[in-house]
Structure formats: C-alpha cells, structure tokens
Amino acid sequence: MKLGAFIVPTGIGASIGGFAGDASYWAREFASIPDTKLIVNPNVVNAGCFSGITPNMFYVEGYSLDEFFKGNLYLNESNNNKIGVVFDKGISQGILNVHINTINAVKTIYGTDIIGWDITDTPVGVEFFVDTSGISTGRVNNINTIFNSAQRLLKQGADAIAIVCKFGDYECDDYANGIGVDPVGGVEAIISHYISKELQIPCAHSPAFEDIEIEQRIVDARCSAEYITPTYLPCILLGLSQAPKLSKQEGYSINNLDYLIMPYNAIGSIPVFECNKRNIPIYAVKENKTVLNVTPEKLNLDINIVETYQDVFQYFAIN
C-alpha cells in the first residue's frame with residue numbers, strides 16, 4: 001500500500017485547486033491507483049454542494065496536516081464520524097434555516113451522522129480580504145466563542161466539527177472569471193487551524209452569506225460549484241464524515257508517507273521541508289501556478305520538477 005499526499009494550499013490563487021474543488025479530478029485520479037491512500041487538504045476536494053472526496057482519501061485540515069508532517073500526529077482510518085455543527089450567532093434565522101435544511105438533506109441522502117448543532121454565544125465577527133502580496137487572509141474578532149460551541153458539541157459525542165460563520169457579501173468579478181484569489185479561503189484557514197490546534201479534532205469551515213441569490217451569468221468552470229448553491233456546507237460534511245481520527249500515539253505517520261505533490265511555486269511550507277529532511281520524494285507541478293514565487297530552484301531543494309499532473313500520474317500508474 002502506498003500513502004501519498006496531494007496538497008494545494010488555501011488562499012494563494014492556485015490555477016488548479018484555487019477555486020472550488022477544481023483539483024478534485026487529479027486527486028481522484030491519484031486515489032484511483034490500486035493500493036493507494038491519499039492525504040488531501042479540504043481545499044483540494046471542497047466544492048460547495050459537491051465533494052471530490054473518495055473512500056480512500058484522508059481529509060486533513062491544514063494545522064493537523066503540518067503536525068502530521070512534523071511527526072507529531074498520527075492518522076487513523078475512520079468512517080461515518082459523528083459530526084457537530086457550530087453556527088455563528090450572527091447568521092440570520094432565514095439563512096440558518098437554509099443550512100439546517102442542508103444538514104437534513106445530507107443526513108437523508110448520505111446517512112451522514114450529524115449529531116446536532118450549536119449556536120455560538122456571541123457573533124464571531126469574521127473579516128476577510130486579500131493582502132498586498134495577493135494572498136487571501138483576514139481576522140476573526142471573537143474566535144473563542146467558536147471554541148466554546150465546539151466543546152459543547154464534543155461533550156455530546158461529536159468526533160468532528162463543522163463550522164459555519166457569517167461572512168459579509170462581496171463582489172469578486174476576477175474570481176468569478178477565473179482570475180486571482182478566493183478572498184475567503186485565508187480566513188477560513190485561520191478558523192479551522194485554531195480549532196484543530198486547541199481541540200485536536202478533525203474540523204473544516206464553510207462560509208454563510210446573507211445574499212443567497214443563485215448566479216445567472218456564466219462563470220469560470222473552476223469556481224462554478226460555488227455559484228449554483230446557497231450553501232457550501234455539504235462538501236465539508238461529506239469530508240468530515242470520513243476524516244481520519246487524530247492520535248499522538250499510533251496510526252499512519254510521516255514515516256509511512258511515500259510521496260508529496262505540490263504546486264511548483266508554492267513549496268515554502270512545512271510539508272515540503274519535513275519531506276525533504278526525511279528524503280521523501282516531492283513532486284512540484286509546473287502547470288499549477290500560484291501568486292507565490294517560492295520555487296525549488298530558489299530554495300535549492302532536491303525536488304522532482306514535473307510539467308503536469310498527468311506526468312506524475314503516469315509515473316505512479318506504471319510503478
């Protein structure tokens with residue numbers, strides 16, 4: 001059995017994986033190779049009302065992913081996790097009702113074990129923007145209130161936490177046209193990193209917008225999944241339902257990892273440095289460009305530079 005990692009960092013404008021589940025195709029191709037398990041970050045497979053997740057993927061949020069690569073965390077197979085959902089108190093009742101209907105639909109259709117939801121004691125206060133370097137980021141004014149809700153759900157038996165915070169409405173024609181950065185991805189990562197670090201559980205975030213009018217213009221295919229649904233909650237519920245349970249003692253470890261696949265100019269990260277230190281093969285895919293400019297040549301790392309995901313896939317398919 002081979003254990004691989006297919007990662008596209010969030011909020012850096014990746015041409016493949018920087019939109020809405022648009023890296024799913026290639027992640028699913030790699031996962032389809034016989035006797036393979038594939039670690040993915042939520043950004044790779046999250047696609048609004050769709051999900052690219054497959055049964056042999058490990059759905060691992062960014063903070064826990066870094067801890068895994070550092071050797072501090074082990075991954076244990078799990079399926080049908082009990083999920084608790086945290087809702088931001090700032091969400092209006094009508095929009096909350098849409099999300100509750102979504103929960104019930106996912107439970108009915110997929111049998112996902114969602115034990116219930118909890119509303120934060122105070123509004124979370126999320127702000128998001130793209131900084132001067134072109135990276136998506138933001139701030140969370142009252143993040144502790146998410147922690148308190150999550151703790152209540154864990155006491156009710158939740159194995160994983162889905163988080164839904166109110167986000168201000170925005171116009172982003174560049175993103176809709178397939179240009180630039182998803183403006184909400186960076187602050188979503190801040191929220192999920194915090195909960196993962198504090199509670200050491202699988203978690204993921206989905207934004208809630210007050211304007212849920214369905215887009216009628218044609219948008220770029222890579223982000224189209226986000227423009228045909230009023231809620232992005234289904235994908236994280238499906239991912240979390242089979243997210244690996246986390247342990248500091250046993251399970252799959254970094255020592256079991258056979259390879260890491262990353263965008264070519266976004267390799268300045270913990271997974272890359274830890275794999276390089278352990279002589280785990282790294283593949284930097286040139287067709288996947290980001291707003292960053294951190295390349296193997298600049299870091300002088302021993303990394304396999306390949307032109308396309310197809311090239312890497314063909315190599316693993318025959319080896």
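In the hairpin of β9 and β10, where 5 residues lie between the strands, Gly134 has a positive phi near 90°. Strands here are DSSP runs of E of at least two residues, helices are runs of H or I of at least four, and both are numbered from the N terminus. The model is a predicted one, in which local features need pLDDT of at least 70 and side-chain atom pairs count only at pLDDT 80 or more, while totals for chains, interfaces and linings use all residues. Residues are numbered from 1 along each chain as its sequence is written, and side-chain values use heavy atoms, with hydrogens and water left out.

Strands β9 (residues 126-130) and β10 (residues 136-140) run antiparallel and are joined by 5 bridges; two strands pair if DSSP finds at least two bridges between them. Val126 is opposite Val140 of β10.

Most residues other than glycine have a negative phi. Gln200 has a positive phi near 50° and sits in the loop between α7 (185-199) and β12 (203-209). Asn279, also not a glycine, has a positive phi of about 60°; its loop runs between α9 (270-277) and β15 (282-285).

**Cysteines**

A search of the whole structure for disulfides, pairs of cysteine sulfur atoms within 2.5 Å, finds 0. For Cys165 the closest cysteine sulfur is that of Cys203, 11 Å away, which is too far for a bond.

The table gives relative accessible areas for the residues discussed so far. Buried means under 20%, exposed over 50%, and partly exposed in between, with a 1.4 Å probe and protein chains only.

| Residue | Relative accessible area | Class |
|---|---|---|
| Gln200 | 41% | partly exposed |
| Asn279 | 70% | exposed |
| Cys165 | 1% | buried |
| Cys203 | 2% | buried |

**Nonpolar cores**

A nonpolar core is a set of buried Ala, Val, Leu, Ile, Met, Phe, Trp, Tyr and Cys residues joined through side-chain atoms within 4.5 Å. The largest has 48 residues, of which Phe6, Phe30, Leu38, Val40, Leu237, Ile261 and Tyr309 touch the most other members. Helix α8 (residues 233-241) gives this core its largest share, 6 residues. Apart from this core lies another, of 25 residues, including Val124, Val140, Ile146 and Val187.

Contact means heavy atoms within 4.5 Å. Neighbours within four places in sequence aside, Phe30 is in contact with Phe6, Thr36, Leu38, Tyr259, Ile261, Tyr309, Val312, Phe313 and Phe316.
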